[in-house]
Amino acid sequence: MRIIDSSSTFKLPGSVRKVLLIQLGDIGDVVWTTPSIRAVKNSLPGSKVSVMVKDGFGGLLEVDPSIESIFEVKSYHGNLFHQATGQLSFIRELRAQHFDLVVDLRLGDRGAFMSFASGAPIRVTFYQSWGLPRWRWFFFTHGVVPGPSVYTRGATDQSLRILREIGIDTKDIIPKLWVSDTVKKRVQEILTGEKMDRYNRWITINPYSRWTYKEWSDPKWIDIIQWLWKEFAMPTIVIGSPDENSKVEALIRQCTTPAFNFAGKTTLAELAGLLKLSHLHIGVDSAGPHIAAATGTPTVTIYGPSSWQDWAPVGEQHRVVLPDMDCVPCKKKGCNHSGRSLCLKALSTDSVKSVISEIMKKP
C-alpha cells in the first residue's frame, strides 16, 4: 500500500470517472458526507459518483443530483447458504460497476472488505500506524495520512481530509439533502392522516438519542412543548425511531397542549421531507438536527458531554444550548462514563427558551 501525505506528489489518473464513496457510519455521518460527494462530482469532470451506506440510509440521498447510484449494505438472514448467496450477489453487483476509484471514509472492517471486493484499481483509506490490524493494508492500494483540519466547525472535514490529499476539495462545506416530489406528497398524506393539516405551522423536536447520556429529562421537554404552544401557538411534532415510539407516546400523553407522535411513522426520506416543512427543529445531539439543518430548517440543539464544535450544524440559523459548566464538553459517555450527564440535568428550560425565542424573532 502506498502512503500519501502532504509531502506526496500523488495525483489521480485523468481516466478516473467512476467513483464509490463508502460511508458506513450513522445517519449524521451520512449527512455530513454530502459536501464530499459534491466535491468529488465537481473535482472530477464527467465523473459518476456512487455511495455505499448502511441498510435503510439510502433514502436520504436518493434524489441527490450528484449521486449516480446508491448501495445499501444489508445483513442477510437465514442459513449460511442464504447469507453467502445474498453477499455474493451484492458483490457481483458491486464489481459489475467497474469502479475506477473507491474511497473508504471510515476504519471499519466491512468497509475495508467492500473496498477490496469492488475490484477497483485504486482503493483509498485513512492510514494510521497504530490500533488497526495489519491485514487491513492488503485491502487497499493507497493510505492517506490526513493533514490538519481546514474547517474547525462541523464534521465535513472528517471526509474531506482524506479526499483533499488526493486532489479533491471544496469550499462548499454545508450539508444538503434533497426531497423528491413523491416524498413531499407522502409527507402531506401522513400529516393529513395524523390530523396535522389543520395547522399552518409547527415545530419538531427529537427528545431522545440512541445514547441516553445525551438526553434531557421528560419534564423539561413537556415544559418546552407547552410553552411553545402558549408563546407561539404552534403545535409540536415529536420525531424519533420506531424503538422510541412508546417513550414519545408517554411523553405527549403528559402534555396539555397539542403534540403529535411521529416516532417511527416515516422513512428517513419522509423524515427529511417532514423536517423541511418544520418551522424550527429543537433536539438533542442525534440524527434529527443534522437532517433538519441539511434541508434548510433552523435548529436549536442541546449539547452536553458531546462536542458541539465537531457536530453541531453550521450557520447563523443554527444555535446550540450548552450547560454552563467548565467540564462541557467532556467528550465522555456521561460523567466518568457513567451514562448519566449531570451537566444536562443542570441545564434549565429557561436557557433553552431564551435561545428559541431569539430564533423565532428572526424574520
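1. A word to start with: a residue is called buried when its relative accessible area is under 20%, exposed when that area is over 50%, and partly exposed in between (1.4 Å probe, protein chains only). Helices here are DSSP runs (H or I, at least four residues), numbered from the N terminus.

2. Before we go on, this is a predicted model, where local features need pLDDT of at least 70, side-chain atom pairs count only at pLDDT 80 or more, and totals for chains, interfaces and linings use all residues. Residues are numbered from 1 along each chain as its sequence is written, and side-chain values use heavy atoms, with hydrogens and water left out.

3. Let's begin with helix 1 (residues 27–43). Of its 17 residues, 14 are buried, so the rest of the structure largely encloses this helix. The expected span is 1.5 Å times one less than the number of residues. For helix 1 that should be 24 Å, and the end C-alpha atoms lie 25 Å apart, which agrees. Helix 1 also bends by about 35 degrees at Thr34, with Pro35 following within four residues; the bend is the angle between axes fitted to the seven residues ending at a residue and the seven starting there.

4. Now look at helix 9 (residues 287–294), where 8 of 8 residues are buried. Among them are Pro289, His290 and Ile291. After helix 9 comes Gly296, whose phi is positive, near 100 degrees.

5. Which helix packs with helix 9 at about 65 degrees? That is helix 8 (residues 268–277), and the two axes are 8 Å apart. Axes are lines fitted to C-alpha atoms, for helices over the stretch in contact, and angles run from 0 to 180 degrees between N-to-C directions. Leu268, Leu271, Ala272 and Leu275 of helix 8 meet Gly288, Ile291 and Ala292 of helix 9, where contact means heavy atoms within 4.5 Å. These residues divide into 6 nonpolar, 1 polar and no charged. In this grouping Ala, Val, Leu, Ile, Met, Phe, Trp, Tyr, Cys and Pro are nonpolar, Asp, Glu, Lys and Arg are charged, and the others, Gly among them, are polar.

6. A second pair to find is helix 6 (residues 218–232) and helix 12 (residues 349–361), whose axes come within 11 Å and cross at roughly 35 degrees. Helix 6 contributes Lys220, Asp223, Ile224, Trp227, Leu228 and Phe232, including its partners in helix 12 such as Val352 and Met360. By class, this contact has 7 nonpolar, 2 polar and 3 charged residues.

7. Finally, is Arg253 buried or exposed? Arg253, found in helix 7 (residues 245–253), is exposed, with a relative accessible area of 61%.

Technical notes
Helices (H or I, at least four residues) and strands (E, at least two) are DSSP runs, numbered from the N terminus.
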